[in-house]
Amino acid sequence: MQHRFLTRRNAPALLIAALALTASSLGLHPASADPVERTVSGASEPVASVLPQPVRRHKLPRACRSGLVALTFDDGPSKSVTPGLVKILLKRKVPATFFMVGSRIHSAPQTARLVQRSGFTIGNHTYTHAQLTRLSDSGVRRQLRSTRREMREHKITPSDLMRPPYGDISKRVRRDIRGLGLVPVLWTIDSRDWAGGTPGQIADRVLRGLRRHQSNIVLQHDGVNNSPNSVAAVPRIVKEARKRGFCFTHIGPRGGPALPQSATPKPPEPPKPATPAPTPTPLPISFLSLKN
Ligand SMILES: [Zn+2]
């Protein structure tokens, strides 16, 4: 009978409560389930801090005719889940962005380094998975700085991206984040992997959320209880999205899906003798250049 509570109105409260439970079961800092003045949205509403922009078709390679998809994975690194995920992504040449929790890097520095070595973009997800709007300005800064310090101690060079746990952000917190030179990144598609579901169900939720010619940012987790199922959903998400004409990319420095390098304007080249046009590949090799 739980479904009767899942109205649009109270979805944010449920999201926060469920995430808090998940986080506490993982030993992360438990957050209050009190949704008062939370700006987090329910799963059905886009909450990207950079709202999806229509992608100009002519700027994208033909293989990306439907738009871009940025996969993001939160709450890791996890010794048991993250390496398998990295393998799946590398095998399929899929860029992705990992928002890591500082205390988890402390427990699994080698796994964090594996993510970095494999060329993925790494962002800051606070030190204890804290609900930032409940902290003072100095508390917010402490969370972010200590995570950055933890990364540096383990020779990890993070991007300037950060994701507030639970998508919980306010004007004040945003100012604190920006003050440290960081860019908050939310999402447009919540896989709801934390709430359960088989790999097939999780893949369906993501695929249903894809919007043509928009910048899709997918939220998944490599550090919650149901993460093995979420990771197992990735091959289908990738295969089906590519079939529909979407390309995968990482989150760029401005907080939205980065244009593939081959799609950025190049200086004009001197004329060459006519050669047959190359056959478009599903994923240009330049997509593998993941650094911001
Ligand atoms: Zn999280």
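A: The buried residues of H7 pack against strand S6 (189-190), strand S7 (215-221) and H8. Helices (H or I, at least four residues) and strands (E, at least two) are DSSP runs, numbered from the N terminus, and two residues are in contact if their C-beta atoms, placed from the backbone, lie within 7 Å. This is a predicted model, where local features need pLDDT of at least 70 and side-chain atom pairs count only at pLDDT 80 or more, while totals for chains, interfaces and linings use all residues. Residues are numbered from 1 along each chain as its sequence is written.

Q: Which residues of H7 are buried?
A: They are Ile202, Ala203, Arg205, Val206 and Gly209. A residue is buried if 20 or more other C-beta atoms lie within 10 Å of its own, exposed if 12 or fewer, and partly exposed in between, with C-beta atoms placed from the backbone.

Q: Where do these buried residues fall, seen down the axis of H7?
A: An α-helix has 3.6 residues a turn, so residues three or four places apart point the same way. The buried residues of H7 fall within an arc of 160 degrees, so they line one face of the helix; the arc is that of the directions from the helix axis to the C-beta atoms. On the face turned away from the buried side sit the exposed residues Gly200 and Arg208.

Q: How do H7 and H8 cross?
A: Two packed helices are described by the angle between their axes and the distance between the axes. For H7 (residues 199-209) and H8 (residues 227-243), the axes come within 8 Å and cross at roughly 45 degrees. Axes are lines fitted to C-alpha atoms, for helices over the stretch in contact, and angles run from 0 to 180 degrees between N-to-C directions. H7 and H8 are therefore oblique to each other: angles under 35 degrees count as roughly parallel, over 145 as roughly antiparallel, 65 to 115 as roughly perpendicular and the rest as oblique.

Q: What residues of H7 meet H8?
A: From H7 come Pro199, Ile202, Ala203, Val206 and Leu207, and their partners in H8 include Ala233, Arg236 and Ile237. The residues of this H7 and H8 contact divide into 9 nonpolar, 2 polar and 2 charged. Ala, Val, Leu, Ile, Met, Phe, Trp, Tyr, Cys and Pro count as nonpolar, Asp, Glu, Lys and Arg as charged, and the others, Gly among them, as polar.

Q: What about H2 and H4?
A: The axes of H2 (residues 82-91) and H4 (residues 109-117) come within 10 Å and cross at roughly 10 degrees. That makes H2 roughly parallel to H4. Thr82, Pro83 and Val86 of H2 make the contact with Thr111, Leu114 and Val115 of H4.

Q: Which peptide bond is cis, and which residues have a positive phi?
A: Most residues other than glycine have a negative phi, and most peptide bonds are trans. Here the bond from glycine 76 to proline 77 is cis, with omega near 5 degrees. Aspartate 75 has phi near 80 degrees and is found in strand S1; aspartate 75 is also buried, with 27 other C-beta atoms within 10 Å. Threonine 126 has a positive phi of about 70 degrees and lies in the loop between strand S3 (121-124) and H5.
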